[in-house]
Structures are given as C-alpha cells and as structure tokens.
Amino acid sequence: VVADGGPGASSDSVQRGRSGTGSSGLGLDIARRIAEAAGGTVSLGRSHLGGLAVEVTLPVRRHD
C-alpha cells in the first residue's frame, strides 16, 4: 500500500492519459496492467492521511 496526503482521486477519475489531478495517470495504469497480468489487483481508496491510497495485491507463486 502506498498512501499520501494529497488531494486524492477516485477510480473513476484515474484513467490512462488523464488522472483528474494534473498527472497523466500513466504510472497507475502501468501498475494495474502488470498486477492483472500476474493475477493480482490494484485498488484505489482514501488514505488515513486524507489523500489517495493505492493497494497492489500479487499472488504468491511457489516453484516446485
């Protein structure tokens, strides 16, 4: 989980090429695509600091 105290964002306002807060949204889109390709997820929410919290969940893969 990465959290900040900035203005925050909703999942509707974060799209590739447009974040609603002046950034490109490219980094979150890349993280989402990588996580999903690995069988994981990226979730956006409100941080305890009042800004955005981004949670990346990845599966554990065991090599036998």
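**The hairpin and its setting**

Author: Of the 64 residues of the protein, 20% count as buried, where buried means under 20% relative accessible area, exposed over 50%, and partly exposed in between (1.4 Å probe, protein chains only). This is a predicted model, in which local features need pLDDT of at least 70 and side-chain atom pairs count only at pLDDT 80 or more, while totals for chains, interfaces and linings use all residues. Residues are numbered from 1 along each chain as its sequence is written, and side-chain values use heavy atoms, with hydrogens and water left out.

The protein has one helix and three strands, arranged along the sequence as β-α-β-β. Helices (H or I, at least four residues) and strands (E, at least two) are DSSP runs, numbered from the N terminus.

Strand β2 (residues 41-46) pairs with strand β3 (residues 52-57) in the antiparallel sense over six bridges; two strands pair if DSSP finds at least two bridges between them. Thr41 has Thr57 in β3 as its bridge partner. Five residues lie between β2 and β3 in this hairpin, and Gly50 in the turn has a positive phi of about 100 degrees.

Ile34 counts as exposed because its relative accessibility is 55%.

Across the protein, among contacts (heavy atoms within 4.5 Å) between residues at least 6 apart in sequence, 38% join residues at least 24 apart.
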